[in-house]
Amino acid sequence: MESRTKILKAKVLKTAMDKSAVVSVERLVKHPVNGKYIKRSTKYHIHDENNKCTVGEHVRIKQCRPLSKLKTWILVEE
């Protein structure tokens, strides 16, 4: 049976750390009063084992067990 882990599309913001990167995930949220959709973003620290990420590219990330205090996501593909 396949695991039901979350997979998200994200944009790489920073790659200054070794084997890590900071990415931003955007989502649309409906405003409660006027009904318009607003962009909201969340930053995640991800584990990038081979330091493949470059700033500005779009990647897919997958949720995993906690690897450190901030890292609970890993890089799936570029």
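**Exercise 1. Find what share of the chain's contacts with a separation of 6 or more comes from residues 24 or more positions apart.**

Step 1. Count a contact when heavy atoms lie within 4.5 Å.
Step 2. Keep contacts with a separation of 6 or more; residues 24 or more positions apart supply 46% of them.

The model is predicted: local features need pLDDT of at least 70, side-chain atom pairs count only at pLDDT 80 or more, and totals for chains, interfaces and linings use all residues. Residues are numbered from 1 along each chain as its sequence is written, and side-chain values use heavy atoms, with hydrogens and water left out.

**Exercise 2. Describe the surroundings of D48.**

Step 1. Check burial. D48 is buried (under 20% relative accessible area, 1.4 Å probe, protein chains only).
Step 2. Look for a salt bridge (a side-chain nitrogen of Lys or Arg within 4 Å of a carboxyl oxygen of Asp or Glu). D48 has none; K52, the nearest side chain of opposite charge, is 6.8 Å away.
Step 3. Turn to the backbone. The nitrogen of K52 there lies 3.0 Å from a polar atom of the D48 side chain.
Step 4. List contacts, leaving aside neighbours within four places in sequence. D48 touches K19, S20, C53 and L75.

Terms used: Buried means under 20% relative accessible area, exposed over 50%, partly exposed in between (1.4 Å probe, protein chains only). Lys and Arg count as positive and Asp and Glu as negative; His and the chain ends are not counted. A polar contact is a pair of N or O atoms within 3.5 Å; within protein, one must be able to donate a hydrogen and the other to accept it, and residues adjacent in sequence count only if both atoms are side-chain atoms.
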